[in-house]
Every structure is written in structure tokens, then in C-alpha cells.
Amino acid sequence: MRFSYLLYLAYRNLFSHKMRTVLTASGVGISVAFVVFLISFGLGLQRVSTDQITNLDALQVLDVSIAKSKLLFINDETMNKFTKLGNVSEAYPQVSSAAKISYNQSSIDGVVYGKDNNYLRLEDMKLYSGQKYEDISVDQAIINAATQKQLSLSDNDVLNKEITVDVVVRSELLNKDEKAKTFSKKFKIVGVISDKSAPFIYVPLHIFTDNGVVNYSNAKIRMDNKNDVNQARLQVENMGFKVSSIKETIDQINQFFNIFQVILISFGGIAIVVACLGMFNTLTISLIEKTREVGFMKALGTMRHDIYWLFTLESVLIGAFGSIVGVTLGVMTGVLLNYGIFALASTSGNQSVELFYIPIPLVLMILAASLFVSLLTGIYPARRAARISPLDAMRYE
Amino acid sequence: MNASSGLPIIGVSDLRKNFQVGKNQVEVLKGIDLRILPGEFVILFGHSGCGKSTLLNTIIGLEKPTSGDIALRGRSIYNMNEDARAKVRQDRFGMVHQQSNWIKSLNVVENVAYPLMISGYNRRDAIKRAEHTLELFKLAEYAKYTPTELSGGQQQKVSICRAIINNPWIIVADEPTGNLDTVSADEVMNIFKSINEKAQRTILMVSHNPDYERFATKVVYMKDGLIDKIINRKIVNIDEDQYPSDLLAMAKGDLI
């Protein structure tokens with residue numbers, strides 16, 4: 001029999017039981033839609049969180065520190081070495097210290113970081129209000145929102161206010177023979193960043209070096225080429241330093257989301273198994289109903305493999321119909337919810353996110369997988385049908 | 001294909017068939033020998049359970065015999081595999097049963113065309129030929145009906161259309177009038193008669209009705225799995241070349 005005719009016959013058989021076909025296909029459709037929805041939710045969430053952390057540029061930056069070593073130092077000499085590594089394009093240090101930050105009568109404990117604009121650029125710092133230091137010869141500071149809040153400064157008049165900072169300089173930042181010391185300085189607030197964790201402020205690096213600091217707390221180095229990152233990392237690690245990068249955080253997040261995806265897919269998988277059982281049931285019932293008909297078809301001379309393919313095709317057609325509807329439904333739900341979130345975000349003035357995301361190749365993969373599963377589901381009933389003995393079947397009422 | 005050579009179109013030789021019923025072997029056919037020549041109209045008579053239907057099913061290749069053989073124009077069908085026998089049924093046999101069997105999701109004309117579809121015809125040609133066949137039997141107006149919407153007599157006539165659409169050598173009918181009223185039954189029997197006489201197709205029919213003896217050229221009486229007696233009512237010795245090679249290439253009204 002021609003394949004096109006088998007397809008036609010399968011289609012007619014399904015069409016003559018519209019209700020049953022539609023219900024069975026809906027089972028498949030809903031489960032596929034569920035899987036698509038879950039996967040796009042997982043991927044969307046993953047994308048939102050990694051996007052939030054970084055832009056692609058940040059992947060080319062490594063953080064270098066001495067960890068707990070008492071023998072290593074990051075000083076101007078080491079910075080020079082970093083810069084001279086073949087593939088490093090920029091290297092900048094920072095210093096951190098405990099400090100008391102005061103404004104008017106209130107004073108709080110916090111951390112003061114000495115770092116320049118270049119370092120802030122590598123850090124991809126986002127200002128909430130104000131600007132970076134414009135002239136490092138003037139004593140300027142950038143504070144975070146936690147500091148602002150604890151010093152009771154309001155959004156409107158935080159900029160250009162003068163704060164006093166008492167810095168404690170630990171001995172390991174200083175020359176070998178020097179003891180820990182403190183110094184005090186006044187700064188004009190030029191910028192605020194939105195971080196709300198714990199109070200800290202940024203001041204230009206020279207504030208520390210002017211006060212005798214020679215060893216830095218850590219450094220950032222940047223490679224122009226993403227492919228050089230791993231090599232540079234190895235080189236710096238061989239010098240004894242501890243290296244970390246945003247990539248590790250992203251890897252961890254991705255690892256978490258991979259597990260999350262597996263869990264989501266297993267939930268979806270359960271739905272698909274249930275749908276397949278439904279389909280299997282339908283095919284078996286339809287086979288029992290058609291026993292006599294199949295027997296007669298064989299008596300007329302229909303080949304076994306034609307009967308086999310007829311039943312397999314019925315299963316695949318139900319699967320195809322169900323999964324196309326399901327994939328459309330799943331993708332549409334994601335798109336609509338994205339649109340809803342967008343609308344909600346723009347009315348409430350928040351930043352919008354695309355919470356549901358699914359790449360087209362994955363959609364095609366899901367389609368192919370559900371077709372394959374429906375093919376598998378059809379195999380057993382099809383084999384049973386092909387083995388029906390025509391005489392027994394025609395005696396069957 | 002000169003029939004005067006005397007080669008039977010169906011040759012049954014020492015056919016035996018046992019069925020396993022519980023622990024017992026039941027002998028249903030106990031050694032049947034039968035020669036059917038091209039152009040014959042053979043009716044098998046016999047009581048229920050005498051083995052008529054088993055003999056018929058064995059001849060069309062559905063029931064493997066315990067021993068003995070069936071040969072179609074000298075070619076044995078039980079040393080082929082199942083698919084090859086299916087092919088023989090596709091090409092050489094037309095079948096009419098007591099109760100019409102339909103592919104329920106297909107309409108009348110598609111059911112009639114089905115045997116052609118099995119052998120790989122394209123759909124348009126098959127439907128065209130099926131429509132032509134229905135026309136020969138004045139059934140064209142029912143082409144788009146669901147078969148079960150038709151009366152019993154009409155359904156049997158559509159079954160005959162389906163049985164002859166592949167231009168078979170032999171038409172096998174298992175009590176084709178068993179469920180019909182006498183008027184429809186006569187009509188159906190006359191169709192078989194004209195297919196036999198005008199197109200010289202061999203007909204093998206199982207019946208309970210002794211009145212039909214008059215249609216037959218050969219009457220075979222069976223009893224307890226054996227042939228009781230054979231009456232040759234008319235000697236058939238045809239030259240097949242003189243008859244249409246395509247059963248359906250007949251003028252409208254010739255067959256009915």
C-alpha cells in the first residue's frame with residue numbers, strides 16, 4: 001500500500017472518532033505545553049539572574065587576592081608584573097580598611113575602599129545618583145545606600161554633603177617595620193550606589209598611598225580577549241595568588257539551574273507519561289473495536305506491515321497534532337505572561353524582565369521528542385494489530 | 001492459458017485439517033480432493049459443521065492445512081510465506097461474505113476501491129475504477145454513503161463490486177444471500193450468474209439453499225469433512241482467451 005494512502009486511512013480512522021481523538025491529543029497537548037512552559041520558565045529565570053549579575057564584559061575580568069598568605073603582597077611591583085603578562089590589558093588595585101564614618105552627630109562603622117575610576121569601571125559599578133569622582137585631587141567619596149540611610153541622609157540632599165572618615169590602617173598594608181595607624185579625613189559625597197547590604201564608601205586610592213599604604217588588598221585584571229582569561233588565570237595562580245571571577249558565580253548559578261531544570265523536566269515528564277498512558281489506552285480500545293475490521297482487511301490481502309504502519313501512524317498523528325498544539329500553547333502562555341509582566345512593570349515603574357524564554361531549536365527538539373514518544377507508544381498496539389489472525393478476528397463480534 | 005489443457009484453476013489434493021479443541025484433536029477435513037476448472041460455477045452444499053467454510057478458508061490461503069495442498073493454476077500456495085499468500089488474495093481472489101464487512105471510516109466508493117489501494121494503485125485511478133464498477137451495478141448514487149446506511153441487498157451488491165474490482169480469477173462467496181430477502185437474494189444470485197457466464201470468472205460458493213443448484217455448473221456435497229458426491233450439471237470447457245481480460249471492460253447493463 002502506498003504510504004500516502006496509509007496516512008489517509010489513519011487520518012480517516014481518527015476523524016471518524018473525533019471526540020476520542022481530540023481528547024487523547026489534548027492529553028498529549030497539555031503535557032507538552034506543560035513541559036514547554038516549565039522549561040521556558042527555568043531558562044528565563046536562569047537568564048534573568050545571570051543577566052542581572054553581569055554583562056559579558058565582566059567575564060574578562062579576574063579578581064586577584066593574596067588569600068590568607070603572609071608571604072605574598074600585592075604592591076606596585078606585583079601590579080607591574082600583572083600588566084606585563086602577555087594577554088593582560090589592564091590591572092588596577094584596591095585597598096580596603098575598617099573605618100568610622102561620621103556626619104553631623106551620627107557616626108557608624110563601615111568599610112572604606114580605596115579605588116580609582118578605572119577600577120570602578122572594571123567592577124561595572126552602577127550609580128544610583130551623582131557621579132564618579134571627577135577630580136581625584138579633591139577629596140571625594142562615593143557611598144552606598146546603606147551608609148546614606150544609617151547617616152540619615154535623604155535622597156535630595158545627600159550629594160555634596162561632607163562626611164568625616166576615620167580610617168584604621170592595618171599593619172600588613174604598610175611597610176614591614178611600620179605599625180598599624182589611623183588617620184582622619186573629610187570627604188564630599190559625589191555619588192551614591194544602590195547597594196543596601198552594609199555601610200561602605202569608596203574613596204580615591206591615593207588617600208591610602210598618601211598615608212603610607214604600599215600593599216594593596218586585591219586587584220582586578222582585564223583581558224582583551226575572552227579566550228585568554230583561562231591562561232592568565234593560570235599564570236597568576238602560579239605566582240601564588242588566589243584568583244576568582246564572576247564566571248565562577250555564573251557557573252554556580254548555571255549549575256543550580258541545571259538541577260532546577262532537571263527537576264522541572266521530571267515534573268513535565270510525569271505529565272507526558274500520563275498522556276502516553278492515555279494514548280496507549282485509546283489505541284488499545286480502538287484496536288479491540290477494529291479487530292473484525294483488521295481481520296477483514298488482512299483477508300482481503302492487506303500486508304502485515306501495512307496494518308502495522310496504519311496503527312503506528314494513527315499514534316504518530318495523534319502525537320503530532322497534540323504536540324503542535326501543545327508547543328504553541330506553551331510558547332504562547334510564556335509570551336503572554338512576559339507581556340503581562342512587562343505591562344505590570346511599566347505601570348508600576350519597575351524594570352521589566354523576560355521571565356519566560358525558550359530558544360527555537362529547543363522547541364523543535366521537544367516536538368521531535370514527543371513525536372518519538374508517540375511513535376513508541378504506538379508500537380505495541382501496532383504489533384498486536386499486525387499479528388491478528390484474520391479468521392479469528394472475523395469470528396469476533 | 002488454454003483451458004482445454006485441463007489444468008484446474010483450483011486443485012485441492014488430499015486436504016486434511018485438524019483443530020485442537022481442548023485436549024482433543026478434531027478432524028474437520030479428512031482428505032478432500034477437488035478439481036475446479038476455469039469458468040466453473042461451483043456450489044458447496046452441506047450441513048453446518050461439515051467443513052465447508054474451513055475448506056473455503058483453506059483455499060483462499062487463510063487456514064494452513066494439517067496436510068495436503070492447494071494449487072492455483074498448478075502453483076501451490078502453502079509453500080509461500082504469509083505475505084506472499086496475502087498478495088495472492090489481493091490479485092486472484094474476490095471475496096463476498098454472508099455479512100458484509102466494511103472499513104467503517106471509509107465511504108462506499110472508497111471501500112470498493114480498497115483492494116486496489118492494497119496493491120498500490122494511486123488513489124485517483126482506484127476511485128475512478130470503483131465509480132465505474134458501481135455504475136455497472138447501478139449503485140453510483142450511493143458512492144458517498146457510509147456502507148452501513150445501505151440496505152442488506154445493496155450492501156451485498158457493493159461487496160460484489162469490491163470483490164471484482166481487482167479483476168480476480170476466482171470469486172469466493174460464503175453464503176452471500178444468507179441474510180437477504182428472496183428478491184434481493186435472487187438479484188445477487190443473478191449477478192453471480194452473469195459474472196460467471198458473460199465474463200467466465202470461476203465462482204466458488206457455499207450455500208444452504210438447495211434452490212440455487214440451478215445456477216451451478218458443478219455441485220459438491222460435503223458430509224463430515226469428506227466430499228459425499230459431486231454432480232457435474234454442465235461440462236465447462238472454455239477458451240479463456242475469448243473472454244474479456246478485464247472483467248470490468250463490459251458494457252453498462254451487461255452484468256445486471
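**Contacts, shape and cores**

Modeller: In this predicted model, 20 residues of chain A are in contact with 21 residues of chain B.

Colleague: What makes two residues count as being in contact?

Modeller: Their C-beta atoms, placed from the backbone, must lie within 7 Å. On the side of chain A that touches chain B, helix 9 gives the most, with six residues. By class, that side has ten nonpolar, four polar and six charged residues.

Colleague: Why is chain A called more spread out than a compact globule?

Modeller: The globule rule gives 21 Å for 397 residues, whereas the radius of gyration of chain A is 34 Å, well over that value; chain A is therefore more spread out than a compact globule. Along the principal axes, its C-alpha atoms fill a box of roughly 105 × 50 × 30 Å. Chain A has twelve helices and ten strands.

Colleague: What makes a residue of chain A count as buried, and what share of the chain does so?

Modeller: At least 20 other C-beta atoms must lie within 10 Å of its own. Of the 397 residues of chain A, 37% count as buried.

Colleague: Which residues touch the most other members of the largest nonpolar core?

Modeller: This core has 117 residues, and those touching the most other members include V36(A), V112(B) and C161(B). Helix 2 of chain A, residues 18–53, supplies the largest share, eleven residues. A second, separate core has 49 residues, among them L122(A), I142(A), I207(A) and Y216(A).

Terms used:
Residues numbered from 1 in each chain as written. Chains lettered and ligands numbered in written order. Predicted model: local features only at pLDDT ≥ 70, side-chain atom pairs only at ≥ 80, totals over all residues. Helix = DSSP H or I, 4+ residues; strand = E, 2+ residues; numbered from the N terminus. Rg over C-alpha atoms; globule rule 2.2 N^0.38 Å. Buried ≥ 20, exposed ≤ 12 C-beta atoms within 10 Å, placed from the backbone. Core = buried A, V, L, I, M, F, W, Y, C linked by C-beta atoms within 7 Å. Nonpolar A, V, L, I, M, F, W, Y, C, P; charged D, E, K, R; others polar.
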